[in-house]
Amino acid sequence: MKYNEIAHFSHPQHKLRYEYSEFPFKCDGCKEVGIGSRYKCTICDYDLHMHCAIPSPSITHPFYTKCSFQFLSRPPGSVPRYCNACEKDITGFMYHCRSCGFDLHPCCAKLPMVLDDGDVKLYLYRKISATCHRCGRKGRNRSWSYRSTCKKYNLHVACVKEMLVDSWHELYFGHGDHNYNNNYNNRKLENRIPSLKGTLQTHHKKSKGKAQKCCEMAGLALQFIISAVLGDPTTLIAGVVGSLMSK
């Protein structure tokens with residue numbers, strides 16, 4: 001086996017090869033959208049996030065100190081499950097705590113506690129009482145949030161996921177030929193990376209200069225949060241997301 005290839009239990013018929021994509025893709029493991037690093041079978045057009053391709057059998061998380069999360073290939077039981085990080089339904093690969101019943105998407109489970117590019121530093125919180133730049137609400141009972149060091153920029157992980165679903169509806173809910181969806185729609189969708197431009201204007205009605213600066217900083221923060229949610233929280237991918245947001 002080549003160093004950049006793996007065998008995966010979810011796709012035993014072919015090896016999966018590591019590749020990097022600047023186009024969004026839908027992960028066939030967790031059923032969520034991704035961008036950047038992935039493992040792919042080009043024969044079957046089968047894609048996996050890095051976190052789904054090489055999962056940890058069990059993990060712990062600082063937000064749930066009494067929990068031990070086990071990796072599962074599908075949700076347990078017949079009751080619908082939702083992710084405690086982003087509020088979104090879980091329909092594929094997941095991490096599950098049997099004793100407490102908490103569930104996490106693989107990419108949500110691996111969200112960095114700190115996102116730092118040198119200019120903007122964002123900290124992940126289980127709950128915050130501050131207003132979200134996207135929805136304007138203070139707190140969401142079931143969603144984690146990223147907050148900047150200066151405490152001016154706050155975004156619910158759930159709101160970022162909702163923005164992605166709204167912008168990339170075809171990738172989340174598309175039907176029909178999978179190869180067509182990936183090869184055509186992802187290029188069409190690349191121009192629809194979510195932006196906070198319209199949302200942020202409602203939060204600043206006085207100083208135009210300060211509002212513009214705040215929007216720019218919050219937009220930069222959004223780049224990194226989107227990159228993390230999509231499974232590749234790197235400066236490179238944040239730059240790609242930023243360039244797509246500006247189109």
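Lys-31 is placed in the loop that connects strand E2 (16–26) with strand E3 (33–41), where helices (H or I, at least four residues) and strands (E, at least two) are DSSP runs numbered from the N terminus. The model is predicted, so that local features need pLDDT of at least 70 and side-chain atom pairs count only at pLDDT 80 or more, whereas totals for chains, interfaces and linings use all residues. Residues are numbered from 1 along each chain as its sequence is written, and side-chain values use heavy atoms, with hydrogens and water left out.

Although Lys-31 is not a glycine, its phi is positive, at about 70 degrees. The relative accessible area of Lys-31 is 33%, and the residue is therefore classed as partly exposed, a class that lies between buried (under 20% relative accessible area) and exposed (over 50%), as computed with a 1.4 Å probe on protein chains only. A positive phi, near 55 degrees, is also found for Asp-45, a residue other than glycine, which lies in the loop between E3 and strand E4 (46–49). Asp-45 is buried, because its relative accessible area is 5%.

Lys-152 belongs to the loop between strand E13 (145–148) and strand E14 (154–156), and it counts as exposed because its relative accessibility is 56%. The C-alpha atoms of Lys-152 and Thr-131 are 9.1 Å apart in space, while the two residues are separated by 21 residues in sequence.

When neighbours within four places in sequence are left aside, the residues in contact with Tyr-146 include Leu-111, Pro-112, Leu-122, Tyr-153, Val-157, Ile-225 and Ala-228, contact being defined as heavy atoms within 4.5 Å.

For the protein chain as a whole, the secondary structure comes to 8 helices and 14 strands, and 52% of the 247 residues count as buried. Among the contacts in the protein chain with a separation of 6 or more, 51% are accounted for by residues 24 or more positions apart. The chain exposes about 12,200 Å², of which carbon and sulfur atoms supply 51%; accessible areas come from the Shrake-Rupley method with a 1.4 Å probe, and for residues only the protein chains shown count as cover.
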